[in-house]
Amino acid sequence: MSRVGKKIIAIPSGVSLSVDDSNVVTVKGPKGTLTQPVDPDIQVAVEDGQIRVTRPTEQKRHKALHGLYRALVNNMVVGVSTGYRTDLEIIGVGYKASVANNVLELNLGFSHNVFVAVPSEVKVTAVTEKGQNPKVILEGIDKQLIGDVAAKIRSLRKVEPYKGKGIRFVGENVRRKAGKSASKK
């Protein structure tokens, strides 16, 4: 039984949803428009200002797709109404970040700077405050795209377990190792 798939999605004010004949869901809101093709077996219906996602049978495949597409439609509704934001923190001596024309320039302790071209759908900003670690902020309406970009940036310098240097999500808990122990006498 899919608990996620059975939940009803409330449509906020200013958001409209339409489903065409080829089962493509289009959500329009104040922040933009998103589209998502849905499996032909799964039905998306709008009734009384709410979205209901239903499946035809109790097959394992249909159960899995039921929860998946309900979550994807919900992410689209939240994205076009409020949007998504992900914060990354850069920890390390001399590590820096700057943005110019949606290109993120990172100084991560390599012999060269690393340039990351960010898609135009994602707004990227780099914040450096005195006494704080540099932060990279990603904002947009597509949750999956923001997650992909954040994962790509994070993979450039993963957090190492001894000193904790690298790129991490703000609030992420990193397990630290003890390192070498003192000589035993």
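View 1. Strand β5 (residues 43-47) and strand β6 (residues 50-54) run antiparallel and are joined by 5 bridges. Two strands count as paired here if DSSP finds at least two bridges between them. Strands are DSSP runs of E with at least two residues, helices are runs of H or I with at least four, and both are numbered from the N terminus. Look for Glu47, whose bridge partner in β6 is Gln50. The hairpin has 2 residues between its strands, and Asp48 takes a positive phi near 55 degrees.

This is a predicted model, where local features need pLDDT of at least 70, side-chain atom pairs count only at pLDDT 80 or more, and totals for chains, interfaces and linings use all residues. Residues are numbered from 1 along each chain as its sequence is written, and side-chain values use heavy atoms, with hydrogens and water left out.

**View 2. Strand β3 pairs with β2 and with β4.** On one side, β3 (residues 24-29) runs antiparallel to β2 (residues 16-19), with 4 bridges joining them. β3 also pairs with β4 (residues 32-37), again in the antiparallel sense, over 6 bridges. Lys28 is a handy landmark: Lys28 is the bridge partner of Ser16 and stands opposite Thr33 in β4. Both pairs are hairpins, with 4 residues between β2 and β3 and 2 residues between β3 and β4.

**View 3. Two asparagines have positive phi.** Asn23 sits in the loop between β2 and β3, and its phi is about 65 degrees although it is not a glycine. Asn101 lies in the loop between β8 (96-100) and β9 (103-107), and its phi is near 55 degrees. Which of these asparagines is buried, and which is exposed? Asn23 is buried, with a relative accessible area of 12%, whereas Asn101 is exposed at 77%. Buried means under 20% relative accessible area, exposed over 50% and partly exposed in between (1.4 Å probe, protein chains only).

**View 4. Stepping back to the whole chain.** The protein chain has 3 helices and 13 strands. Its C-alpha atoms fill a box of roughly 70 × 45 × 25 Å along the principal axes. Of its 185 residues, 33% are buried. Among contacts (heavy atoms within 4.5 Å) between residues at least 6 apart in sequence, 51% join residues at least 24 apart.
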